[in-house]
Amino acid sequence: MSRTLPALVTTEWLAEHLGADRLRLVDASCYLPTSGRDAAAEYLEGHLPGAAFFDLDASSDQASPLPHMLPDADAFARRMASLGLSDEDDLIVYDGSGINLSAARAWWMFRAFGHPRVALLDGGSGKWRREGRPLERGAAPPLAPGQFTARLNPDVVLDLAAVRSALGRGMIQIADMRSAGRFAGTEPEPRPGLRGGHIPGSRSLPVAELVGPDGTLLPPAQLRQRILAAGIDLTRPVVATCGSGTSACALIHALHLLGHERATLYDGAWTEWGGRRDTPVATGAADPTPTS
């Protein structure tokens, strides 16, 4: 296969390249605690042929009290090697959410740790299933450990202190990918103990609004217009956030497709910010003008 791997591939593309040398599939499904869905059980019931189960919880920082925080590079490398992944592999990640809820997080993590040859499957496993394409059941067969190298690029992620500092100096525009109700504080958070609302000055862009009815990403012109309509200035850096640093990566992926590479992730996200009592919180709709 070509050594040029786009950041987004269609189900048709994947069906044509399935089984190609060094092409590996990764099921990165993960769902909100209130969804009633079990990603691991769904994987066993049926997944794309040969796909490894990423398991976002197991692939995150095991020592952090916050969900889905980046692990250190060595831990990530060991985890990916245990899935049989190697530096030479072309990776196709997908999930079953229909809105790229978590697949984009895996896409972002691979890139953050220095593995740029990774693509998102447009429409995820839902589109693949609807098209009647092949699935496998049960656990993946044991594979020999891969040779996976990870080196974190610190420029792609922000911690609480960095967000506080930039916010205080008016040097940041934040895009919040949670639902409009969670952003406004009118809808309960799926994790206990969190305040409702958003980081002051944030723009609201629910992750589901980046895709069409079939779960595929909006065409580039529509995608750009939707992002602009949320009050996000594409001439400036963007900080993406959400509930646990997962769905926010869908915006980073979308911006990458549009040629905007100045996007970072606030990894602690609302679970960290909204779970504290020393961080400011705003409620209601987003301000009528972008942050300055």
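**Aromatic pairs and charges over rings: close-up views**

A search of the whole structure finds seven aromatic pairs, where rings of Phe, Tyr and Trp (its six-membered ring) pair if their centres lie within 6.5 Å, and planes under 30 degrees apart count as stacked, over 60 as edge-to-face and the rest as tilted. This is a predicted model, in which local features need pLDDT of at least 70 and side-chain atom pairs count only at pLDDT 80 or more, while totals for chains, interfaces and linings use all residues. Residues are numbered from 1 along each chain as its sequence is written, and side-chain values use heavy atoms, with hydrogens and water left out.

**View 1. The pair of F76 and F110.** The ring centres of F76 and F110 lie 5.7 Å apart with the planes at 70°, so the pair is edge-to-face. Because F76 lies in helix 3 (residues 73–82) and F110 in helix 4 (residues 103–112), the pair ties together parts that are 34 residues apart in sequence; helices here are DSSP runs of H or I with at least four residues, strands are runs of E with at least two, and both are numbered from the N terminus.

**View 2. The pair of F76 and F148.** F76 also forms an edge-to-face pair with F148, at 5.9 Å centre to centre and 70° between the planes. At 0% relative accessibility, F76 counts as buried (under 20% relative accessible area, with exposed over 50% and partly exposed in between, for a 1.4 Å probe and protein chains only).

**View 3. A charge over a ring.** The charged end of R178 sits over the ring of W270, 4.5 Å from its centre, which requires CZ of Arg, or NZ of Lys, to be within 6 Å of the ring centre and within 35 degrees of the ring normal.
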